[in-house]
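Hello,

Here is the structure we spoke about. Please look through it first, then read the notes below.

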Amino acid sequence: MRIDIVTIFPEFFGVLDVSLLGKARRERLLELGVHDLREWTHDRHRTVDDTPYGGGAGMVMKPEPWGEALDALLGQAPAAEGERADALVVFPTPAGVPFTQALARELASESHIVFACGRYEGIDARVADDAATRARVLEVSLGDYVLNGGEVAAMAMIEAIGRLVPGVVGNPESLVEESHEAGLLEHPSYTKPQVWRGREVPEVLRSGNHAAIAAWRHEQSLERTRRVRPDLLPAAAEPEPGTGRQHG
Ligand SMILES: O=C(OCc1ccccc1)c1cn[nH]c1
């Protein structure tokens, strides 16, 4: 998979070289290109924003630099087998569809994703319409809050998607037992020592009885999901008050 990022803060993405994704890049599982939007400006001040039509506070990102940036980046990555041919342009924005593990899994099979990181009050709306003539376009929200720019959201999405690309994570088994993979939150985990500050690891986990361990873990996942994220459960499983596992 090739990922391109367009941003006015390219230095922000330097960290992608050192993390898990650094290994994936060295092994050619992921190609990453970071581009400064100002490369596609032509005025002395390298202007990327202007005042909004219709008035209102803040500034809007001009369409011209974005149009030229997306012209330059779309249609460059040939698709490997089992991947989509055309590119996908993702605009991180509070006004987008929710980014979920399911969406991350879908995007992990894309051959080419371009992240368009907006700043200020956003990007001129015509940019997404124009991009849609040459690629699939998706406005995606990381969550219901407002950031100063799309960079932090893009970083999170790239990590969530990148780790699902086959071969990126050493042991694919570890991708199954995660929160949100089976629609439930992950069970609590323990490691040595067996007793720590007077707290003992649940007996069942040391029993060697794999059926009992699996059952205990599933029950813990259900209980935790009921307590913390009842919205993830089918309607029937609404919690009675006071059933949550109390810490202490
Ligand atoms: O604030 C965000 O992106 C920055 C942004 C982009 C466009 C206009 C305003 C702000 C965001 C929140 N959840 N997901 C993304």
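**Pocket and aromatic pairs**

Strand 5 (88-98), helix 4 (126-131) and strand 7 (136-141) each give at least two residues to the lining of the largest pocket. Helices (H or I, at least four residues) and strands (E, at least two) are DSSP runs, numbered from the N terminus. This is a predicted model, in which local features need pLDDT of at least 70, side-chain atom pairs count only at pLDDT 80 or more, and totals for chains, interfaces and linings use all residues. Residues are numbered from 1 along each chain as its sequence is written, and side-chain values use heavy atoms, with hydrogens and water left out.

Strand 5 supplies the largest share of that lining, five residues. The lining has 28 residues in total, and Pro92, Thr93, Pro94, Glu121 and Gly122 lie nearest the pocket centre. A lining residue has an atom within 4 Å of a point of the pocket, which is an open set on a 1 Å grid over the protein atoms alone, where a 1.4 Å probe fits, with protein on both sides within 12 Å along at least five of seven lines.

The whole structure has two aromatic pairs (Phe, Tyr or six-membered Trp rings with centres within 6.5 Å; planes under 30 degrees apart are stacked, over 60 edge-to-face, the rest tilted). Phe12 and Phe13 form an edge-to-face pair, 5.2 Å centre to centre with 70 degrees between the planes. The rings of Tyr190 and Trp216 have centres 6.5 Å apart and planes at 50 degrees, so this pair is tilted.

Regards
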